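Dear colleague,

Please find below the structure I promised to pass on to you. My notes on it follow directly after, and I would be glad if you read them with the coordinates open.

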Amino acid sequence: ITWSSGQPDVAEIDATGQATALTPGSTQIRATASGVVGRAQLMVALQPAQTEKVAGDGQTGVVGMVLEEMLQLRVTDGAGVPIQGVSVRFSVQQGGGFVFPGLPMSDAEGMVTTQWTLGQNAAEPQSVTASVGTLSAEFHASALWPPPRVTTSTLKSGRLTLEYSGRLSATGGDGVSYVWSLGGGNLPVGISLSPQG
């Protein structure tokens with residue numbers, strides 16, 4: 001039997017029929033015996049062997065908001081060669097929130113990127129796992145409550161000698177554990193501000 005490779009730069013084949021992959025691509029392997037030819041197509045692809053976090057790990061952001069820096073991961077083979085066209089699955093492990101896109105493809109440099117929107121609770125740990133085959137990498141972030149902001153611009157008018165009450169409102173923080181206090185100046189005589197607003 002005589003063996004040959006149509007694209008010897010993709011894969012070479014020796015006299016015993018042992019093929020050796022050289023570069024990604026496709027080649028036709030031929031076996032010739034007594035004038036009869038057999039053919040088989042051989043595809044050579046790089047095998048992901050390593051993932052490396054490039055950017056986006058260890059960020060801090062406001063709950064429910066997109067993190068400023070994209071999550072970025074590089075996929076390479078055993079020799080450190082970047083692999084193009086590999087799907088990497090990004091999935092939220094802790095804290096809620098979401099990533100988009102969740103299944104990006106690696107570019108010519110082996111890079112994949114996605115955006116991470118944090119969950120709604122700053123007390124929970126926030127983490128995302130990127131996985132390709134049996135390989136995985138974990139990204140972590142810290143979530144902060146947005147700063148509290150008083151949304152009541154004016155209270156209703158009151159009249160001397162008549163009962164009066166009004167409620168202040170705010171946004172930000174965790175939305176429930178506000179403690180109200182006077183930031184400056186004085187309240188009118190007979191009016192007080194409770195810690196509940």
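Gln-59 is buried, because its relative accessible area is 10% and the limit for a buried residue is under 20%; please bear in mind that this, like everything below, is read from a predicted model. The residue belongs to strand E7, which covers residues 59-62, and a polar atom of its side chain lies 2.9 Å from the backbone oxygen of Gly-56. Once the neighbours within four places in sequence are set aside, Gln-59 is in contact with Leu-67, Glu-68, Glu-69 and Leu-71, and also with His-140, Ala-141 and Ser-142.

As to the overall form, the protein has 15 strands and zero helices. Its C-alpha trace spans about 115 × 25 × 20 Å along the principal axes, and its radius of gyration is 31 Å, whereas a compact globule of 197 residues would have one near 16 Å. Of the 197 residues, 27% are buried, and the protein exposes about 12,500 Å², of which carbon and sulfur atoms supply 53%. When contacts between residues at least 6 apart in sequence are considered, 47% of them join residues that are at least 24 apart.

Turning to charged pairs, the structure holds two salt bridges. In one of them Arg-74 pairs with Glu-52, with 3.0 Å between the closest N and O atoms; Arg-74 lies in strand E8 (residues 71-76) and Glu-52 in strand E6 (residues 50-55), so this pair ties together parts that are 22 residues apart in sequence. Both partners count as partly exposed, Arg-74 at 26% relative accessibility and Glu-52 at 41%. The side chains of Asp-57 and Lys-53 also meet in a salt bridge, again described by an N to O distance, here 3.0 Å. Asp-57 is partly exposed, with a relative accessible area of 36%, and Lys-53 is likewise partly exposed, with 37%.

On the surface, Leu-155, Tyr-164, Leu-182, Leu-187 and Ile-191 form a nonpolar patch, and together they have about 400 Å² of accessible area. One of these residues, Leu-187, is found in the segment after strand E15 (170-171), and at 37% relative accessibility Leu-187 counts as partly exposed.

Most residues other than glycine have a negative phi, and most peptide bonds are trans. Ser-34, however, has a positive phi of about 50° although it is not a glycine; Ser-34 lies in the loop between strand E4 (25-33) and strand E5 (36-44), and at 81% relative accessibility it counts as exposed. Thr-161 also has a positive phi, near 75°, and is found in the loop between strand E14 (149-150) and E15, where, at 77% relative accessibility, Thr-161 counts as exposed. The peptide bond from Phe-100 to Pro-101, for its part, is cis, with omega near -5°, and Pro-101 lies in the loop between strand E10 (98-100) and strand E11 (111-117).

Key: Residues numbered from 1 in each chain as written. Predicted model: local features only at pLDDT ≥ 70, side-chain atom pairs only at ≥ 80, totals over all residues. Heavy atoms only, no water. Patch = residues over 30% accessible without salt bridge, like charges linked within 9 Å, V, L, I, M, F, W, Y side chains within 5 Å. Areas by Shrake-Rupley, 256 points an atom, 1.4 Å probe, with all protein chains shown as cover. Salt bridge = Lys/Arg side-chain N within 4 Å of Asp/Glu carboxyl O. Helix = DSSP H or I, 4+ residues; strand = E, 2+ residues; numbered from the N terminus. Buried < 20%, exposed > 50% of the residue type's maximum accessible area, 1.4 Å probe, protein only. Rg over C-alpha atoms; globule rule 2.2 N^0.38 Å. Contact = heavy atoms within 4.5 Å. Polar contact = N/O pair within 3.5 Å; in protein donor to acceptor, adjacent residues only side chain to side chain.
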